[in-house]
Number of protein chains: 2
Amino acid sequence: MSVVHHFIKKTNAYTWENVDSTPLVVEGIKGAVKNILIGDNEGAPHFIMRYFELESGGHSLLERHPHEHEVIVLRGEGIVQIGQEKYTVTSYDAVFVEGDELHQFSNPHDEPFGFICIIPRLDPN
Amino acid sequence: MSVVHHFIKKTNAYTWENVDSTPLVVEGIKGAVKNILIGDNEGAPHFIMRYFELESGGHSLLERHPHEHEVIVLRGEGIVQIGQEKYTVTSYDAVFVEGDELHQFSNPHDEPFGFICIIPRLDPN
């Protein structure tokens with residue numbers, strides 16, 4: 001089913017029409033909310049578009065897995081660690097994290113840091 | 001190879017470091033520029049992230065093909081036709097165009113209309 005999810009402007013976290021915002025309660029993750037913009041609900045067959053928002057001081061897991069990430073930053077500024085390197089990224093920067101690379105996203109700033117992160121389907125991470 | 005392409009702020013078309021901007025000279029396409037943010041050059045294995053910008057009056061092909069599109073709008077406002085429906089979309093709206101749906105993106109406004117569009121790999125369209 002083709003679908004349009006209109007963006008909802010909010011003063012705090014970004015949200016979309018008909019898309020759930022799910023705080024991630026997972027050991028090793030802090031201050032992170034996940035929104036699946038295009039996934040199972042829409043019948044996406046090959047890859048899934050998620051939006052993650054990290055509050056001030058928040059971070060994703062420091063992790064490594066076989067699948068890649070394709071990322072485009074939408075708001076704020078943050079840090080992405082890839083391997084042993086750390087990169088400062090800001091709105092509209094594009095990041096490719098190759099499969100099996102150690103990586104982590106973190107937000108050391110006062111403002112929210114939000115980014116689109118796409119993964120291949122059939123993998124929940 | 002993991003990579004970061006930093007966004008370059010420009011008054012006119014959006015561009016990224018180390019990413020070519022290619023005007024599309026194709027019958028049925030008008031005023032469109034393509035940027036492959038994450039693709040063959042980065043070794044993306046499963047899906048390709050492109051940024052398209054349509055100038056005022058520009059449009060993509062009215063087309064139908066087996067592969068899907070996952071889209072997130074980055075700038076301006078435009079129209080996406082899916083089947084016989086037309087939707088107005090603006091920054092950060094997310095659009096899923098299912099495979100085999102007739103579709104077209106167009107910009108009837110004065111300002112540029114730009115969006116990320118992801119496709120599965122092994123298909124050049």
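Modeller: Two rings of Phe, Tyr or Trp (its six-membered ring) count as a pair if their centres lie within 6.5 Å, and the pair is stacked with planes under 30 degrees apart, edge-to-face over 60 and tilted otherwise; by this rule there are 19 aromatic pairs over all chains. The model is a predicted one, in which local features need pLDDT of at least 70 and side-chain atom pairs count only at pLDDT 80 or more, while totals for chains, interfaces and linings use all residues. Residues are numbered from 1 along each chain as its sequence is written, chains are lettered from A and ligands numbered from 1 in the order in which they are written, and side-chain values use heavy atoms, with hydrogens and water left out.

Biologist: Which residues do ring pairs link into a cluster?

Modeller: Ring pairs join A:Phe7, A:Tyr14, A:Trp16 and A:Tyr51 of chain A with B:Tyr92 of chain B.

Biologist: What makes the relation of chain A to chain B that of a two-fold axis?

Modeller: After least-squares superposition on the C-alpha atoms of residues with pLDDT of at least 70 in both copies, chain A lies on chain B with an RMSD of 0.0 Å, by a turn of 180 degrees and a shift of 0.0 Å along the axis. That is why the relation is called a two-fold axis. Within chain A, A:Phe47 comes closest to the rotation axis, its C-alpha lying at 3.7 Å.

Biologist: How do you know that the copies meet through the same surface?

Modeller: With contact taken as heavy atoms within 4.5 Å, 41 residues of chain A touch 41 residues of chain B. Of the interface residues of chain A, 100% are also interface residues in chain B, so the copies meet through the same surface.

Biologist: How much area do chain A and chain B bury between them?

Modeller: Taken as the accessible area (1.4 Å probe) that the two parts lose on being put together, summed over both, it is about 3,500 Å², with 63% on carbon and sulfur atoms. On the side of chain A, the residues losing the most area are A:Phe47, A:Tyr92 and A:Phe96, together 22% of what that side buries.

Biologist: Why is the pair of A:Arg121 and A:Asp40 called a salt bridge?

Modeller: The term asks for a side-chain nitrogen of Lys or Arg within 4 Å of a carboxyl oxygen of Asp or Glu, and the closest N and O atoms of A:Arg121 and A:Asp40 are 2.5 Å apart, so the pair qualifies. These two residues are 81 residues apart in the chain. The structure holds 4 salt bridges over all chains, whereas the count between chain A and chain B is 0.

Definitions and conventions. Helix = DSSP H or I, 4+ residues; strand = E, 2+ residues; numbered from the N terminus.
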